[in-house]
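Dear colleague,

Please find below the structure that I am handing over to you. My findings follow directly after it.

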Amino acid sequence: MNIDRLVFAIAGSFILLSIALSQLHTEYWLFFTGFVGLNMLQAAFTGFCPLARILKTFGIKSGCAFN
């Protein structure tokens, strides 16, 4: 699995987890959903993704999106 697929998988997991936590615990977990969404939006325009940088330091091979 390359960095691109891992970023999508982790971001999707964070979004689903925070939505579930907002229903089970408190609605303030939706701020985390918004944070993940904003981070994905800025990565689309700037090409900078903090998670991609972290995964690259762990030695995960790059895909074509985050070179």
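**Findings: helix 2 and the cysteines**

What covers the buried residues of helix 2 includes helix 1 (3-24). Please bear in mind that this is a predicted model.

Helix 2 comprises 17 residues, spanning residues 30-46. From its first C-alpha to its last, helix 2 reaches 24 Å, which is close to the 24 Å expected at 1.5 Å a residue. Three residues of helix 2, namely T33, V36 and A43, are buried. Viewed down the axis of helix 2, the buried residues fall within an arc of 90°, and therefore they line one face of the helix. As a general point, an α-helix has 3.6 residues a turn, so residues three or four places apart point the same way. The other side of helix 2 carries the exposed residues F31, F35, L38, F45 and T46. Just after helix 2, G47 adopts a positive phi of about 80°.

I turn now to the cysteines. How many disulfides are there? With a disulfide taken as a pair of cysteine sulfur atoms within 2.5 Å, the count comes to zero. The sulfur of C49 lies 14 Å from the closest cysteine sulfur, in C64, and this is too far for a bond. Accordingly, C64 is in no disulfide, its nearest cysteine sulfur being that of C49 at 14 Å.

Is each of these cysteines buried or exposed? C49 is buried, with a relative accessible area of 8%, whereas C64 counts as exposed at 70% relative accessibility.

Yours sincerely

Conventions:
Residues are numbered from 1 along each chain as its sequence is written. This is a predicted model: local features need pLDDT of at least 70, side-chain atom pairs count only at pLDDT 80 or more; totals for chains, interfaces and linings use all residues. Side-chain values use heavy atoms; hydrogens and water are left out. Helices (H or I, at least four residues) and strands (E, at least two) are DSSP runs, numbered from the N terminus. The expected span of a helix is 1.5 Å times one less than its number of residues. Buried means under 20% relative accessible area, exposed over 50%, partly exposed in between (1.4 Å probe, protein chains only). The arc is that of the directions from the helix axis to the C-beta atoms. Contact means heavy atoms within 4.5 Å.
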